[in-house]
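These are my notebook entries on one structure, written in the order in which I looked things up. I began with the ligand and then turned to charged side chains and the backbone.

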Amino acid sequence: MANQEDLLKQIISHAKEYGFVFPSSEIYDGLSAVYDYGPLGAELKNHLKSYWWKSMVQMHENVVGLDTAIFMHPTTWKASGHTDAFNDPLIDNKDSKKRYRADVLIEEWVNKIQAKIDKEVAKAENRFGESFDKEQFLATNPRVLANKEKIDEAENRFKNAMDNEDLADVRQLIIDLDIADPVSGSKNWTDVRQFNLMFSTEIGATAEGATTVYLRPETAQGIFVNFLNVQKTTRMKIPFGIAQIGKAFRNEIIARQFIFRMREFEQMEMQFFVRPGEEMKWYEFWKTERLKWHERIGIAKENYRFHDHLKLAHYANAAADIEFNFPFGFKELEGIHSRTDFDLKQHEEHSGKKLQYFDPEINKNYVPFVVETSIGLDRLFLAVLSSSFKNEELEDGSSRVVLKLPAFLAPYKAAVLPLTKKDGLPEKARQIMTSLKAKFNIQYDEKDSIGKRYRRQDAIGTPFSITVDHDSLNDNTVTIRDRDSLEQTRVKIADLVTIIQEKTEAPL
Ligand code: ATP
């Protein structure tokens, strides 16, 4: 774990040094859990957004986009349940004075027990080799079964306590599981309290006339309240989806993991409206579709896994996370939720307006059911950044830090580098730059030795470096260096656009 913590620190400092992510208002020592994206971070973030948007909206004829306001009528949040129920159970350690989410402490305990099971499986796998039957082992090994039972018991008790709002039992569970403060080792816990995560502010000119409004804690409600506007204006037929990218705000209790958990972040959400009774089919469809999407990005498949929710949110009848192997372990990257007709029905009730659809195929009016896919853009950014970050030893004994970003996401697609600063090479290089820059984001660099310049491009993840040398002046060819294989190939300048285009196309 120490190594992993070290890795996260290296990533954070690399992200800052090269202009990917800065702490917010850093000259004032930053603002906890708020971050700014630098010039390269903004590029990477835009590529991620555009990849998601194109995959969801452009590639699905029955999904359309939307861009709604951050402020919404306050009744929205009453209807959605956020005013009353968007809480996290928090607990303090009396000795360390550190604050934790009770559900996270329990989840981490479960992960520890699960790790014991995984270790047992790995040991047996080693022992039995090819003949190992994992299913059977999991179903019969007494130690595995005992640990599984412990997990089930703890999870069920937690779920029941939360459902019954029995916060005293949540505390008792933490004590019974012998959970210690990860920082101090102390088991001296306060009571568990509920804490609402919405930020509020006031709208209106005078104190008397002011209304309390909230910064939206999710983008989804902007989609729900516009359901009929969109359906009518686009003449969409069910099943269809509405996608949106936008900021969301949550007053998170703990915010210690860089851009994984922020107080201001960006969500990419899609609400898919379906006929009642068909939601499980679409829930499975979107689970599969979304995992395939992640796998197309080009990060190794072992980094993703599904986690089915036991404790369902107040609006859901099924929910799963796609978890990613972050530097601090597997954590939620995206949620896929079957939200039933909860939100639309609530909005009908609170607004007094009908939010129904006439289905011509079955000749019926109904409130559609909803399957949602919801991913945090910043978490996706961290997943891509952390899995691309490599410290590499090279064959010649030297080492390099390289960001092996999928080429279509790289801030710069190529760098144009004149071998020397004289003999007309910079002019030739500039001509090449001019011929490419309308199509791709290209960096020009003539400072320092060519080796140093390659390293700089490696560190920011530029997939291709184009070197202009003396031969280029005579035969109009250049060398392309591949960031990952380090291979150098001689190509015609006239072919550069096609070559870069092919290698940096998004995998839609
Ligand atoms: P967690 O359990 O980690 O708090 P959540 O289950 O509350 O997350 P959702 O409400 O399902 O998260 O939000 C959908 C997505 O939004 C999450 O999968 C995550 O990628 C992103 N997200 C949620 N909260 C944050 C945050 N504080 N900072 C960054 N991204 C977030």
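Predicted model: local features only at pLDDT ≥ 70, side-chain atom pairs only at ≥ 80, totals over all residues.

Residues are numbered from 1 along each chain as its sequence is written, and side-chain values use heavy atoms, with hydrogens and water left out.

I then listed the shell, taking a residue as near if one of its heavy atoms lies within 4 Å: there are 17 residues around the ligand, and Glu252, Arg261, Met262, Glu332 and Leu333 come nearest. Strand E13 (329-340) is among the elements that give two or more residues to this shell, with strand E10 (264-274) and strand E16 (369-376) (helices, H or I with at least four residues, and strands, E with at least two, are DSSP runs numbered from the N terminus). E13 gives the most, five residues.

Next I checked salt bridges (a side-chain nitrogen of Lys or Arg within 4 Å of a carboxyl oxygen of Asp or Glu), and the search of the whole structure finds 38. One of them joins glutamate 266 and lysine 49, with the closest N and O atoms 3.0 Å apart; since glutamate 266 lies in strand E10 and lysine 49 in helix H2 (residues 39-58), the pair ties together parts 217 residues apart in sequence. I recorded glutamate 266 as buried, at 7% relative accessibility, and lysine 49 as partly exposed, at 23% (buried is under 20% relative accessible area, exposed over 50%, partly exposed in between; 1.4 Å probe, protein chains only).

Which side chain of opposite charge is nearest to buried aspartate 378, which has no salt bridge? I found lysine 45, 4.2 Å away (Lys and Arg count as positive, Asp and Glu as negative; His and the chain ends are not counted). Aspartate 378, in helix H13 (residues 377-388), does make a polar contact of 2.6 Å with the side chain of tyrosine 37. Lysine 413 is also buried without a salt bridge, with glutamate 43 as the nearest opposite charge at 7.2 Å, but a polar atom of the lysine 413 side chain lies 3.1 Å from the backbone oxygen of phenylalanine 408.

Finally I went through the backbone. Most residues other than glycine have a negative phi, and most peptide bonds are trans. I noted a cis peptide bond between isoleucine 238 and proline 239, with omega about 5°, and a positive phi near 40° at serine 25, which lies in the loop between strand E1 (21-23) and strand E2 (35-37).

How values were computed:
Polar contact = N/O pair within 3.5 Å; in protein donor to acceptor, adjacent residues only side chain to side chain.
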